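Here is a short report for a first look.

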Amino acid sequence: QAQLQESGPGQVKPSQTLSLICTVSGESITDSGSAWSWIRRPPGKGLEWLAAIRYDGNPYYNPSHKWRTSISRDTSKNQFSLQLGSVTPEGPAVYYCARGPTNPSSYRSSESSDSKQYAVWGQGTQVTVSD
């Protein structure tokens, strides 16, 4: 059973890039059968899936944000990361990392933002975009 923990800056300035790291323990991120996702909950809104990286390194992106999104991994540290550019002012959003399925179709539908698709979650990290 995997355990996931997010780390982030807490606050970032508008137009800058948000960088987050998810550290995974109990399971290798290169094990077949899983993909590793970033999901956010903006203030007053529902979950929004952002990106995933499969066990073999194949990335998936939310088309609404892919122009400013990059997901990567460091297999030696069993970590994967998110860079989200051009952030705009908003209140505290929570960013989660989570383990999900490998099926590409799982990330082409609204179910990509369904919490039931993800078996294991981190506790989340809060990020505020402000001056």
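## A loop residue

Glutamine 16 sits in the loop between strand E2 (11-12) and strand E3 (18-25). The model is predicted.

Which residues does glutamine 16 contact, leaving aside its neighbours within four places in sequence? They are Leu84, Gly85, Ser86 and Val87. Tryptophan 67 is 51 residues from glutamine 16 along the chain. The C-alpha atoms of these two residues are separated by 14 Å.

## A tilted pair

Two values describe a pair of aromatic rings: the distance of the centres and the angle of the planes. The whole structure holds 6 aromatic pairs. One of them joins tryptophan 36 and phenylalanine 80. Their ring centres are 6.2 Å apart and their planes meet at 50 degrees, so the pair is tilted.

This pair links distant parts of the chain. Tryptophan 36 belongs to strand E4 (residues 35-41), and phenylalanine 80 belongs to strand E8 (residues 79-84). The two are 44 residues apart. Both tryptophan 36 and phenylalanine 80 are buried. Ring pairs also bring in Trp38, giving a cluster of Trp36, Trp38 and Phe80.

## An edge-to-face pair

Tyrosine 118 and tryptophan 121 form another aromatic pair. Here the centres are 5.6 Å apart, with 80 degrees between the planes. That pair is edge-to-face.

Tryptophan 121 has a relative accessible area of 25%, so it is partly exposed.

How values were computed
Residues numbered from 1 in each chain as written. Predicted model: local features only at pLDDT ≥ 70, side-chain atom pairs only at ≥ 80, totals over all residues. Heavy atoms only, no water. Phe/Tyr/Trp six-rings, centres within 6.5 Å; stacked < 30°, edge-to-face > 60°. Helix = DSSP H or I, 4+ residues; strand = E, 2+ residues; numbered from the N terminus. Buried < 20%, exposed > 50% of the residue type's maximum accessible area, 1.4 Å probe, protein only. Contact = heavy atoms within 4.5 Å.
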